[in-house]
Amino acid sequence: MTRTETRRITHVLAPLPWRNKPALSPREKEHAMPCYLEQRVSVELNMADVPLLISAGSSLGWEHTLNDDVLVFTTPQNQQVSISKGRATLDQRHEALILELKQAYAQTIIQTAAEQFGWTLERVEGAEQELLLTRFS
């Protein structure tokens, strides 16, 4: 006889706040930074496993290159995130990419751990922040 065990994980992935962001008002556009200026931001990452990080980036559809200790992700929109010695460096206007990468990294860790212990991981349809773990024993 086969027994099925099912568990739900909720709120693992935080909602992405920029997805439903309204367009800039004319006043905000007035005060926007000129396009010829480029501000870079550096963010501390607590992600130790490079293969899992590469897998997370690939799950987002990002391409990667690894030169020495520098991992560079390139998005389909040609935005770049450079990661070296635990710090990510990117254009300030693309800072939301870090949140996306962190979410994908968390999901990759959960998926990898689930597979190691014989669980299957599925997204719950209609629930962006919910995952379903199933194990047959």
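Is Arg93 buried or exposed? Arg93 is exposed, with a relative accessible area of 60%. Hello everyone, and please keep that residue in mind, as I'll come back to its partner later. One caution before we go on: this is a predicted model.

Let's start with the overall layout. The protein has three helices and eight strands. Going along the sequence, they follow the pattern β-α-β-α-β-β-β-β-α-β-β. Of its 137 residues, 31% count as buried. If you take the contacts between residues at least 6 apart in sequence, 57% of them join residues at least 24 apart.

Now to the sheet. Five strands make up an open sheet, in the order β2-β6-β5-β4-β3, and the pairing is antiparallel. The edges belong to β2, residues 40-44, and β3, residues 63-67; each has a single partner strand, so one side of each is left without a neighbour in the sheet. From one strand to the next, the twist averages 20 degrees.

Strand β6, residues 87-91, is joined to β2 by five bridges, and the two run antiparallel. If you'd like a pair to click on, Val43 stands opposite Ala88 in β6. Helix α2, residues 50-59, packs on the sheet, where it touches β3, β4 (70-74) and β5 (80-84). The direction of α2 makes about 10 degrees with that of β4.

Next, the loops of this sheet, where two residues have backbone angles worth a look. Asp68 lies in the loop between β3 and β4. Its phi is positive, about 55 degrees, although Asp68 is not a glycine. Lys85, in the loop between β5 and β6, also isn't a glycine and has a positive phi of about 50 degrees. As for accessibility, Asp68 is exposed at 77% relative accessible area, and Lys85 is exposed at 75%.

On to helix α3, which covers residues 96-116. It has 21 residues and reaches 31 Å from its first C-alpha to its last, close to the 30 Å expected at 1.5 Å a residue. Its buried residues include Leu97, Ile98, Leu101, Ala104, Tyr105 and Thr108. The buried set also takes in Glu100, Gln103 and Gln107. Just after α3 comes Gly118, with a positive phi of about 85 degrees.

So what sits inside? The largest nonpolar core has 19 residues, and those with the most contacts inside it are Leu53, Phe73, Val81, Ile83, Ile98 and Leu101. Two or more residues come from each of β2, α2, β4, β5, β6 and α3. The largest share, five residues, is the contribution of α3. Apart from that core lies another, of five residues, among them Ala114, Leu121, Leu131 and Leu133.

Strand β7, residues 120-123, is joined to β8 by four bridges, and the two run antiparallel. Leu121 has Leu133 of β8 as its bridge partner. Strand β8, residues 130-136, is mostly covered, with five of its seven residues buried.

Glu122 counts as partly exposed, at 42% relative accessibility. Which residues does Glu122 contact, leaving aside its neighbours within four places in sequence? They are Leu131, Leu132 and Thr134. Glu122 and Leu132 are ten residues apart in sequence, yet their C-alpha atoms are 5.1 Å apart in space.

Finally, back to Arg93, as promised. A search of the whole structure finds one salt bridge. Asp91 forms a salt bridge with Arg93, and the closest N and O atoms are 3.5 Å apart.

Definitions and conventions:
Residues numbered from 1 in each chain as written. Predicted model: local features only at pLDDT ≥ 70, side-chain atom pairs only at ≥ 80, totals over all residues. Heavy atoms only, no water. Expected span 1.5 Å × (residues − 1). Buried < 20%, exposed > 50% of the residue type's maximum accessible area, 1.4 Å probe, protein only. Pairing = 2+ DSSP bridges. Axes fitted to C-alpha atoms, helices over the stretch in contact; angles between N-to-C directions. Contact = heavy atoms within 4.5 Å. Core = buried A, V, L, I, M, F, W, Y, C linked by side-chain atoms within 4.5 Å. Salt bridge = Lys/Arg side-chain N within 4 Å of Asp/Glu carboxyl O.
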